[in-house]
Amino acid sequence: MNNPTSILGLDPIAIGDLIWAPLVIILLKVVVIFVLGLVATMLMVWFERKAIAGMGNRIGPNKAGPWGLLQTLADGIKLFFKEDLMPDRADRFVFKLAPYLAFVPAFLVWSVIPLGGDFSNGKGGIVTWFGHATRVQLADPPVGVLLLLALSSVAVYGIMLAGWSSGSKYPLLGSVRASAQMVSYEAALGLSIATVILLAGTLSTSGIVGHQSSFADWHVVSTGVIPFIIFMLAATAEMNRPPFDLVEAEQELVGGFNTEYSSIRFGLFFLAEFMNTITMSGVIVTLFFGGPQGLFNIPGIPGAIEGSIWLIAKVLVFLYIYVWMRATLPRFRYDQLMDLGWKILIPTSLGWFMLMAVLRLSRDENWNRGLVAIVAAVIILGCVALMSTAVKVSKANREREGAMF
Amino acid sequence: MELVVFVLAAAMILVGGLGVVLRSHPVHAALSLILTLFGVAVMFVSQQAHFLAAVQVIVYAGAIVVLFLFVIMLLGVDRTEDLKTEPFKVQRPLAVIVGLGVVGLVTAAVVTSRDVVATRGAGIIEPAMTDPDSNIRQLSRSVFGDYVVAFEVTSVLLVVAVVGTVLLTRKVKPTSKESQ
């Protein structure tokens with residue numbers, strides 16, 4: 001019972017006695033991931049500004065450092081030296097607590113994303129450093145994916161309490177919008193993850209990566225793309241990024257939940273937001289695109305480093321997609337956002353999950369494939385018809401009662 | 001290791017629990033409740049019940065207390081309550097009786113099952129120690145196997161509650177001409 005595995009996860013380095021060398025390796029991992037996280041976020045802010053500037057036919061940051069690379073660092077230093085204001089009507093303790101509640105979960109997600117390692121030939125991503133077998137991942141708890149969901153549900157508090165504790169109207173409206181949005185989309189997020197778990201048969205992130213050993217096994221292919229699309233949309237809403245950024249709709253809410261924040265407290269929210277973009281891209285790659293597993297061997301590079309290269313390449317693609325979406329898509333209206341979440345994403349992800357479960361069962365039980373497909377198609381069509389009728393009827397009722405939308 | 005974790009988690013639970021009762025501000029009380037829930041989650045992890053810990057955080061801290069806060073903020077009751085006025089006279093003596101009763105029951109349960117509590121690791125299912133996913137397997141076998149009827153009835157109950165709430169809060173509006 002008194003086994004440190006229970007707390008440190010399944011990393012083989014944490015099994016057995018914790019003597020000096022493994023302890024140092026774990027500490028080293030913590031420091032490296034911390035620094036990596038901060039530097040990556042810094043570069044992400046630069047990348048986003050530069051890419052959006054390019055799409056908007058502007059130049060973007062170009063003064064600090066080569067190609068303006070150090071712009072974020074300069075902005076960060078400036079934020080540090082700004083006056084830290086606190087509104088008179090603010091709830092002092094909660095006002096100070098909120099930025100950390102937003103920032104810490106964003107950082108902790110890094111700990112369960114497999115950042116590299118050799119997953120080929122059933123090695124399970126275990127590498128040997130200084131004679132100790134370990135994973136290129138800070139922790140591999142048995143509940144890996146659920147930890148991600150738990151962290152994203154804790155992150156709601158940061159935004160919600162920031163808005164409330166400011167003691168001012170617009171931040172409160174912003175934070176109520178944000179938490180309603182995040183709670184609604186968490187359901188779709190969880191249901192699309194459930195499809196992945198159904199196929200992988202494990203919750204641990206390294207197990208999920210290990211399950212996607214070839215392109216046909218990548219969950220984006222083997223779950224049939226739909227869960228990936230739903231996850232991508234729900235994750236965007238969960239991060240409050242455009243086109244779902246009603247939380248900080250400048251035209252309506254000044255700046256949203258963080259209006260009253262200044263100095264480094266604002267900096268923490270800013271950092272958390274951009275770090276969430278990176279970690280969420282990492283999660284998408286882990287769940288649907290095989291994480292550090294590559295499509296082919298890069299010649300001349302050892303397996304463990306190759307994994308990290310693949311991971312970075314895949315994450316960069318998603319970071320670009322997020323920037324692209326921000327630059328090109330207009331913001332949703334609030335009722336459109338809620339309609340999309342509750343009437344389309346949640347029913348679709350639930351239906352798709354049940355379909356995958358039936359297909360899985362029919363394979364295990366050796367049922368007649370054609371019959372299963374026909375019955376499933378009939379049931380799906382029936383459900384779609386029922387759902388759209390219900391939506392139409394309720395819309396007609398609302399219009400009859402004279403509602404605005 | 002286990003003792004240190006237990007002491008810290010127990011401190012979190014107790015401080016949170018006291019906060020829920022003693023803080024006069026509803027939002028602070030709700031935040032104390034989150035602290036308690038996290039303490040319980042840590043306890044679960046130290047007992048190797050990882051799945052329960054994750055679900056505890058996702059469902060209770062992530063959804064239910066968020067809804068509490070939502071209601072508190074939307075109804076605008078986020079002010080310090082005056083505890084002197086008592087709208088419902090019988091509830092304080094009743095609370096004392098219920099509290100003492102619960103303490104008595106827990107003590108009685110511990111005393112009568114002393115021999116089980118004292119044995120370390122009694123009632124632990126062996127495969128749970130080696131297979132990391134076995135927690136989830138065992139839970140799902142009992143929820144969707146042994147207790148599937150109770151599980152389904154609970155979900156029906158929740159649906160009934162939701163439909164009932166929608167029905168009760170829905171006002172039948174007069175036709176648009178009259179409302180002008």
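**Note on the predicted model: chains A and B**

A:Asn240 is buried, with 23 other C-beta atoms within 10 Å. Here a residue is buried if 20 or more other C-beta atoms lie within 10 Å of its own, exposed if 12 or fewer, and partly exposed in between, with C-beta atoms placed from the backbone.

1. **Basis.** This is a predicted model, in which local features need pLDDT of at least 70, side-chain atom pairs count only at pLDDT 80 or more, and totals for chains, interfaces and linings use all residues. Residues are numbered from 1 along each chain as its sequence is written, while chains are lettered from A and ligands numbered from 1 in the order in which they are written.

2. **Confidence.** The model has an ipTM of 0.77 and a pTM of 0.83. For chain B the average pLDDT (the predictor's confidence in each residue, from 0 to 100) is 81, and 81% of the residues score at least 70. Among the elements of chain B, the highest mean pLDDT, 91, belongs to helix α8 (residues 148-169), and the lowest, 47, to helix α9 (residues 176-179). Helices (H or I, at least four residues) and strands (E, at least two) are DSSP runs, numbered from the N terminus.

3. **Chain A overall.** Chain A has 14 helices and 2 strands. Of its 405 residues, 43% count as buried. Two residues are in contact if their C-beta atoms, placed from the backbone, lie within 7 Å. Among contacts in chain A between residues at least 6 apart in sequence, 77% join residues at least 24 apart.

4. **Domains.** Chain A is assigned domain 1 (5-356) and domain 2 (368-405); such bounds come from an automatic or database domain assignment. Their C-alpha centres lie 34 Å apart. Contact involves 5 residues of domain 1 and 6 residues of domain 2. On the domain 1 side, the touching residues are 2 nonpolar, 1 polar and 2 charged. Ala, Val, Leu, Ile, Met, Phe, Trp, Tyr, Cys and Pro count as nonpolar, Asp, Glu, Lys and Arg as charged, and the others, Gly among them, as polar.

5. **Helix α14 of chain A.** This helix (residues 369-400) has 32 residues. From first C-alpha to last it reaches 46 Å, close to the 46 Å expected at 1.5 Å a residue; the expected span is 1.5 Å times one less than the number of residues. Of the 32 residues of α14(A), the number buried is 0, so the helix lies largely in the open.

6. **Core.** The largest nonpolar core has 115 residues, of which A:Ala102, A:Ala234 and A:Ile284 touch the most other members. Helix α5 (residues 144-165) of chain A gives the most to this core, 16 residues. A nonpolar core is a set of buried Ala, Val, Leu, Ile, Met, Phe, Trp, Tyr and Cys residues joined through C-beta atoms within 7 Å. Leaving out residues up to four places away in sequence, A:Ala102 touches A:Ala155, A:Gly158, A:Ile159, A:Leu268, A:Phe269 and A:Ala272.

7. **A:Thr277.** This residue lies in helix α11 (residues 263-288) of chain A. Leaving out residues up to four places away in sequence, A:Thr277 touches A:Met44, A:Met239, A:Arg241, A:Leu319 and A:Tyr322. A:Thr277 and A:Ala40 are 237 residues apart in sequence but 11 Å apart in space, C-alpha to C-alpha.

8. **Backbone points to check.** Most residues other than glycine have a negative phi. A:Asn240 has a positive phi of about 60°, in the loop between α9 (226-238) and α10 (250-253) of chain A. A:Trp67 has a positive phi of about 50°, in the loop between α2 (20-55) and α3 (71-80) of chain A. A:Asn240 is buried, whereas A:Trp67 is exposed, with 12 other C-beta atoms within 10 Å.
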